[in-house]
Amino acid sequence: MTTPIYYSNQVKAANQLYELLFQQQVTTALLSAEPQAGKTGAAICLFEKIYDSENNVVNILMMGPSNRALRRQTHVRLR
């Protein structure tokens, strides 16, 4: 598996979400932006950061539109 390369806006969003969830102990966060703004990359970057930090138990629910092309794109990115 290759390591994804993230854009700076994706890393910034992931870091901000991580800080909210684990340092400020907010229990819910919403990542919303224009199409093709890098939301999926930011989410994957956040998931990697959570995984690498060895936090106890984390439940993640990720939802998106039912667009088949975007679904395939996301499946490829998550592999």
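## Gln10

The side chain of Gln10 reaches the backbone nitrogen of Tyr7 at 2.8 Å, a polar contact being a pair of N or O atoms within 3.5 Å in which, within protein, one must be able to donate a hydrogen and the other to accept it, and residues adjacent in sequence count only if both atoms are side-chain atoms. The model is predicted: local features need pLDDT of at least 70, side-chain atom pairs count only at pLDDT 80 or more, and totals for chains, interfaces and linings use all residues. Residues are numbered from 1 along each chain as its sequence is written, and side-chain values use heavy atoms, with hydrogens and water left out.

Gln10 lies in helix α1. Gln10 counts as buried because its relative accessibility is 7%; buried means under 20% relative accessible area, exposed over 50%, and partly exposed in between (1.4 Å probe, protein chains only). Leaving aside residues up to four places away in sequence, Gln10 touches Gly38, Gly41 and Ala42, where contact means heavy atoms within 4.5 Å.

## Fold and confidence

The protein has three helices and zero strands, in the order α-α-α along the sequence. Helices (H or I, at least four residues) and strands (E, at least two) are DSSP runs, numbered from the N terminus. Among contacts between residues at least 6 apart in sequence, 65% join residues at least 24 apart.

The average pLDDT, the predictor's confidence in each residue from 0 to 100, is 83, and 89% of the residues score at least 70. Confidence is highest in α1, at a mean of 93, and lowest in α3, at 76.

## Helix α2

The end C-alpha atoms of α2 are 21 Å apart, in agreement with the 21 Å that its 15 residues should span at 1.5 Å a residue; the expected span is 1.5 Å times one less than the number of residues. Buried residues of α2 are Thr40, Gly41, Ala42, Ala43, Ile44, Cys45, Leu46 and Ile50. Their cover includes α1 and α3 (68-78). Just after α2, Glu54 takes a positive phi of about 60°.

## Nonpolar core

The largest nonpolar core has eight residues: Tyr6, Ala14, Leu17, Tyr18, Ile44, Cys45, Leu46 and Ile50. Such a core is a set of buried Ala, Val, Leu, Ile, Met, Phe, Trp, Tyr and Cys residues joined through side-chain atoms within 4.5 Å. Two or more of its residues come from each of α1 (8-23) and α2 (39-53), with α2 giving the largest share, four residues.

Ala14 touches Ala42, Cys45 and Leu46, not counting residues up to four places away in sequence.
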